[in-house]
Each structure stands twice: as structure tokens, then as C-alpha cells.
Amino acid sequence: MVGNDMKAFLRDTRGVTVIFGTLLLILITIIAASSVAFMISTAQKQAMDLESHKTSVENENLKIVYIMPTGDGSTLESIDLKILNLNIEDSYISSISVNGGYFLHFKAYESSDVFDTYRNYPAVYSANHRLKIPATKSKTVHLNFSDITVEGTETIDTSAWTNNSIDFTYSLEKHPWPAYGEVTYDYYVNYLSNGTECIETGNFSIDDDERQITFFGSDFGGNLTNTTDYNISYTIDFTSYAGMAPYGNEALKVEIITSYINVFKELFTPPMPVAEVQFKVEYLQDGNGTQTPHSYLILDASDSTDADGFITSYKWAVWKDSGNGTVILYDYNLPGMVVRPMNIDPYLDQNVTIDLLLTDDDGMVSRLSQVSGNLTIL
């Protein structure tokens, strides 16, 4: 094929449209197949994620294994809860409710008497800062019925402020926002040498966003100098419990809400103290063979009950009001279900008062004085 025949062949486009259309159709088919495959892959991943989430929700299992309420004898001040995670995955607590009132903020223990810390401050947990219960482990939570107050302090070193006439800016390492977010807080700046509070107006300002304090130089009206360091203290208040604190002898309905919106409920009923007093007389024989009657008390708590478990501890307190404003203590924390207080003659001693403290297997406590009142031997 030469000459004009070659030129004619190259100018012949009768089959190009068909070939182009075929290639375009193949390309469209490939793209469509790829899109379908991507959609199927995405749907499969979403289904797998949904199934995994469903499994995690179903397998989550928390249990309160210990509860320790404390109070002043009338209302509760705080509750410690030991929460056990029975699952092989971590759980995160969003909120805790006691008797219908929610704890907006609470703390937890790192060890037996030390609270968790977070960025140089005690950790305060909430729905925005959830507490982790590690897989197969436990965590003890501290629930305070009054508001939580956190304090911090740091020294402002002015050694780098070499010229009092110009401003001096210092980065605050214990500024509370890194630990708690943009919370409202109070602060005081004092002279480190004598503790006198510094007047803020015209002397310094704090930039919360930058976590910095700036002392104004004398050229800008400031009166503070670099001849001493300064101390800044912070106070942050958190609303803890949204409700009324329960009474000391009140049953406690605890609900734990997790990040999976699972709710774990448990009802803790304090034991019911029942005390019985018996007078006994025995005859003691002296060296001459003379029998002398001796009376004593028997305190019996065997009729006490615990509706949701069993009683683990019985402790009695026995004392006498002498009538002149003093108290004679016979026994305090006398252990046992049935006990015999020493040094008391029920026929001679008067105004003897008896109280009984019970503890059950959940850690709930109850006092006879709070339930039915003390027993008194007149």
C-alpha cells in the first residue's frame, strides 16, 4: 500500500466510531464494576463494624463488688464503689446515678488512698472525660455528694525579667485548662516573700488561651518588680451531685451508664439491726465458800437481718451518762453477734446506752441508733 492508497486509508474513519464506542463501553463497565465492588466492600466493612459494635455492647459486663458509704450519721457524704469489668475489653463510664440523682463529676483511686491524676491535677471524670475500667480488672470510684474543689499552685520565676520597665511574660505550667478544659476558675497572685496578694488591675493580666501571665513594666504603669518571685494559686469548683444526698440508713439504687449506653443496676439495702438485752445473774464463790450474786448484761443481735446478702460484722458501743456532763465509756467497737460487756452491773448502773453497728457483705452499714434508736437501761 503506497502513495494515494496510504493517504486514503489514513483518512478513512468509518470504523473509528465503533472502536471508540466499544472502548468507552468497556471503560464504563470497568468503572461500574469497580464502583459496585467498592460499594460492596464498604457495605461489608460497615456490616462487620456494626456486628463488632453489637458484640461489644452485648459482651460488656460490669459489676459492683464493693460499696462503702460514709456520712455524719444522718445523710451520706460520699460513696466508694469498686467496679469490676468482667469483659475482655475495656469499658468507659459516662455517668453514675444514685437514687435517681446523677453525678456530673467524680473521682477515682489510683491506689488505696491516692486519686488518679491527669496533667498535674487530680483527675475529675465526667461524660466528657470518661473513666476507663480496664478489661478483667477493677477500679474504685469516689462519689462525693458535695461539690468537688480542686486547688493548684505554682511559683512564677522572675529571674528572666531583667528590665522592670518592660513587660514580662511567663508560661503557666499548672494552668487548669489543659487538665479540665475551659472551666471557670479563681486565681490569686501573691508575693512569694510575704504572701501578700498582688493587685491585678494595672499590674498583670492572664491569657487563658496561651496559658501565660504578663507582668506590666513600669513604662506601662506596672508596679510589680523582679526583686521577688510570685506565687499563683488556682481554685476550680465542680458540681458533683445533681440531687439530694441519701440518708445514712437509706437503700441505695446505683446505676452505671457506659459509653455503649449500657446501664448496669444494683440495689444495696443496709442490714436491719435488731438488738436484744438480757440480764443474767451468776453466783460467784469467794475463798470462804460464800456465794455472791453478780449480775451482767448479754447483748444479742442474732435477729438482725440483711435482705440482699449477709451480715459480716457486728460492733457494739456501750456507755453511761454520769449525769454531770461526762460520759463513761464501757466498751466501744465490741465485736460479736452475742457479747457480754464488762464492768457493768445492770442493777447498779443506770442510764446505760447501747448502740449496734452492722456491716454486710456489700459494705453497707447500718446503726441501731439511726433505725430504731439506741437502747437505754434506766
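Predicted model: local features only at pLDDT ≥ 70, side-chain atom pairs only at ≥ 80, totals over all residues.
A pocket is an open set of grid points with protein on both sides within 12 Å along at least five of seven lines.

Stop 1: Select His105, Tyr118, Val124, Ser126, Asn128, His129, Trp177, Pro178, Ala179, Tyr180, Gly181 and Phe238 to show the lining. Then colour helix α3, residues 177-180, which contributes four residues and gives the most to this lining. By residue class, the lining has seven nonpolar and five polar members, with no charged ones.

**Stop 2: the largest pocket.** The volume here is about 290 Å³. Of the 16 lining residues, select Pro69, Thr70, Gly71, Val365 and Arg367, which lie nearest the centre of the pocket. Next show strands β1 (62-71), β24 and β25 (365-367), each of which supplies at least two lining residues. The top contributor is β1, with four residues. Nine residues of this lining are polar, five are nonpolar and two are charged.

**Stop 3: the cavity.** The structure holds one cavity of 30 Å³ or more. The space in the largest cavity is about 50 Å³. Select Lys315, Trp316, Ala317, Tyr332, Asn333, Asp355, Leu356, Leu357 and Arg367 to see what lines it. Strands β21 (311-321), β22 (327-335) and β24 (352-360) each supply at least two residues of the cavity lining. That lining comprises five nonpolar residues, three charged and one polar.

Key:
Residues numbered from 1 in each chain as written. Heavy atoms only, no water. 1 Å grid on protein atoms, 1.4 Å probe; cavity = no way out; pocket = protein on both sides within 12 Å on 5 of 7 lines; lining within 4 Å. Points joined across faces, edges and corners; volume = space filled by probe spheres on them. Nonpolar A, V, L, I, M, F, W, Y, C, P; charged D, E, K, R; others polar.
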